[in-house]
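Work through the exercises below with the model open. Each task is followed by a stepwise solution.

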Amino acid sequence: MRNPCAGWSCRRLKIETMVQKYPSQLLEKAVQEFSKLPGIGRRTALRLVLYQLRQDAEDVQSFVEAIARMRQEVHYCQRCHNISDADICPICADSRRDTSIICVVENIQDVMAVENTQQYTGLYHVLGGVISPMDGIGPADLEIDSLVKRVEEDDIREVILALSSTMEGDTTNFYISRKLAPYDVKLSVIARGIPVGDELEYADEVTLGRSIINRTPFEGK
Ligand SMILES: [Zn+2]
């Protein structure tokens, strides 16, 4: 009989079996949990678990507690849906912010990105994603109704749409613009153009085209 384990696929199977064999079930369980994280394969998971194993027990305990406490105690701001330790986030609670402008973003990381620019002093509204029929995400899955409610009830002068420059982002922009059409509020989108430090010849046609259409007056002296 022909040896069923003579081929390349069988060698690969052997290697995978070797990788999956752990001397401890506790180790294996920890690797399984780490490998559930996005972008973490079993090999990296094992490396991270072994790193934790070499740390002081108190350090590992504080690592585990930080994650568990964050999951159990973190709040989402009732107004803008940003992450917060209280019912209202520090941005919404800050009386120095311009409460007449709302910047609409996809997620919490985008709030941090805009905040890091130190160029914006208004409020935010975190949608929790963008409309994406391919992924089964419709307007009802996002915080769009609560945005309309804020525009309706609060004294909002301008809504800035700061979503991704993708088909899904554009669809969401369009949907929001239709929902806000009945209200007396200025609607704007963030400028899209050539990144600082980039040479023109390397820009794609869509970006370059938009940069020319959305050109701004030259203020340099
Ligand atoms: Zn807030």
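**Exercise 1.** Determine in which sense E5 and E6 pair, and over how many bridges.

Solution. Strands here are DSSP runs of E with at least two residues, helices are runs of H or I with at least four, and both are numbered from the N terminus. Two strands pair if DSSP finds at least two bridges between them. E5 and E6 pair in the parallel sense, over 4 bridges. Take Val-159: its bridge partner in E6 is Leu-187.

This is a predicted model, where local features need pLDDT of at least 70 and side-chain atom pairs count only at pLDDT 80 or more, while totals for chains, interfaces and linings use all residues. Residues are numbered from 1 along each chain as its sequence is written.

**Exercise 2.** Find the partners of E3, then place the strands in order in the sheet.

Solution. Start with E3 (residues 98-105) and E4 (residues 122-126): they pair in the parallel sense over 5 bridges. Val-104 stands opposite His-125 in E4.

Next, E3 and E5 (residues 158-161) pair in the parallel sense over 4 bridges. Val-104 also stands opposite Leu-161 in E5.

E4 and E6 (186-189) are the edge strands, each pairing on one side only.

**Exercise 3.** Describe how H2 and H3 pack: at what angle, and with their axes how far apart?

Solution. Axes are lines fitted to C-alpha atoms, for helices over the stretch in contact, and angles run from 0 to 180 degrees between N-to-C directions. H2 (residues 25-34) and H3 (residues 42-54) pack at about 120 degrees, with axes 8 Å apart. That makes H2 oblique to H3 (under 35 degrees is roughly parallel, over 145 roughly antiparallel, 65 to 115 roughly perpendicular, the rest oblique).

Finally, list the contacts (C-beta atoms, placed from the backbone, within 7 Å). Leu-27, Ala-30, Val-31 and Phe-34 in H2 meet Arg-42, Ala-45, Leu-46, Leu-48 and Val-49 in H3.

Conventions: Two residues are in contact if their C-beta atoms, placed from the backbone, lie within 7 Å.
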